[in-house]
Amino acid sequence: MKPLAGRVRVLFIIVFVLFVLLGIKALDIFYGPNSFSAGGEKTFYISRGQTFPSIVDSLETNGIIRSRAEFVFVGKFLGGTNRIQIGKYIPASGISNYDLFVMIRDGLGAHLITVTIPEGLISRVQARILARAIGIDSARYIHLVNDETLAHSLGIESHSLEGYLFPETYKFYWQQDEKDVIVRLVDQFKFLYSDSLQARAKDFGWTTNQVMTLASIVEGEAVLDAERRTISGVYHNRLRKGMRLEADPTIRFLIEDGRRRVLYSDLQTENPYNTYRNKGLPPGPVNNPGRSSIFAALYPENNNYIFFVANGNGGHWFSTNYSDHMRHVRRFRKNRALGAAQ
């Protein structure tokens with residue numbers, strides 16, 4: 001009996017030791033630190049449709065996890081590998097497999113990304129910026145911008161949301177839904193376009209869409225803030241006189257690459273937005289103007305100018321009659337020719 005009792009005792013000790021060792025190993029697998037070689041923090045992204053194996057590939061490639069097999073084991077044990085949250089994550093060196101998996105499964109600690117959208121951009125350029133910065137689908141963004149039903153549901157009485165995507169610095173999550181992004185930009189516009197500005201528009205007998213259309217033209221023309229109200233005054237004068245606006249920004253809106261110089265042939269385009277062929281304001285905004293241009297559209301300078309041309313230094317020469325205007329045009333062309341020759 002004694003030898004049997006001794007063997008049982010030895011077996012018990014072996015099992016106990018194995019159990020302790022397995023426990024220690026399990027604790028290490030779940031809670032042991034993933035230390036990055038460079039220390040500090042590392043950034044990685046999880047995108048829409050990305051599978052758990054591909055996420056693990058990314059973590060392994062970036063040196064964030066020490067063992068692929070161990071991290072997969074933790075994920076399978078805890079469950080939820082099929083509902084990993086998209087986002088930008090910045091884990092610190094020393095994070096455990098447990099904390100890292102829970103972070104991405106539950107979206108804990110997903111970081112906001114700062115994006116600056118400059119004034120005067122059309123929606124397709126905004127889409128490219130947002131696609132690079134936060135990984136949105138640029139095609140879906142543009143589709144939603146041009147969805148008249150969506151525009152009306154957001155209280156915008158226009159055929160699209162072009163003009164109402166307010167330029168500002170925002171914080172978004174990685175691959176935030178395109179509609180959510182658009183709503184945020186439109187809400188920022190509505191916050192700016194206060195009751196007092198709406199009352200000012202009524203003084204002119206203008207709709208919000210007319211205000212934003214002129215504001216977008218001013219935005220497209222003005223380089224110097226000091227000239228915005230002056231340029232607005234020119235366009236108000238031309239509208240009162242029944243003259244065509246002949247505004248280059250409306251032509252650039254029709255050009256696929258709106259950054260190139262407007263050509264004479266572009267002015268012949270048959271389109272409601274072509275203000276060289278049609279009187280009055282075009283059907284809607286031709287870019288997304290900022291605060292200063294919106295105020296300029298509503299508070300134009302009281303002047304008698306009806307013409308202006310670029311002076312080559314970021315500003316413009318303004319004139320009240322055609323002969324002075326043509327003199328400025330010839331001066332501009334001469335200066336441009338001299339600059340090209342140098």
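User: Where is E246 placed, and what makes E246 partly exposed?

Analyst: E246 sits in the loop between α11 and α12 (248–252); helices here are DSSP runs of H or I with at least four residues, and strands are runs of E with at least two, numbered from the N terminus. Buried means under 20% relative accessible area, exposed means over 50%, and partly exposed lies in between, with a 1.4 Å probe and protein chains only. The relative accessibility of E246 is 32%, so E246 counts as partly exposed. Phi of E246 is near 50°, a positive value in a residue other than glycine.

The model is predicted: local features need pLDDT of at least 70, side-chain atom pairs count only at pLDDT 80 or more, and totals for chains, interfaces and linings use all residues. Residues are numbered from 1 along each chain as its sequence is written, and side-chain values use heavy atoms, leaving out hydrogens and water.

User: Why is Q175 called buried?

Analyst: Its relative accessibility is 11%, and Q175 therefore counts as buried. Q175 lies in the loop between β6 and α8, and its phi, near 55°, is positive although the residue is not glycine.

User: How do you know that E162 has no salt bridge?

Analyst: A salt bridge requires a side-chain nitrogen of Lys or Arg within 4 Å of a carboxyl oxygen of Asp or Glu. Lys and Arg count as positive, Asp and Glu as negative, while His and the chain ends are not counted. For the buried E162, the nearest side chain of opposite charge is R124, 6.5 Å away, and no salt bridge is present.

User: What does the side chain of E162 reach?

Analyst: The side chain of E162 reaches the backbone nitrogen of S123 at 2.8 Å. A polar contact is a pair of N or O atoms within 3.5 Å; within protein, one must be able to donate a hydrogen and the other to accept it, and residues adjacent in sequence count only if both atoms are side-chain atoms.

User: Which residues of α8 are buried, and what puts them on the same side?

Analyst: The buried residues of α8 are E178, V181, I182, L185, V186, F189 and L192. They cover an arc of only 125° around the axis, which puts them on the same side of α8; the arc is that of the directions from the helix axis to the C-beta atoms.
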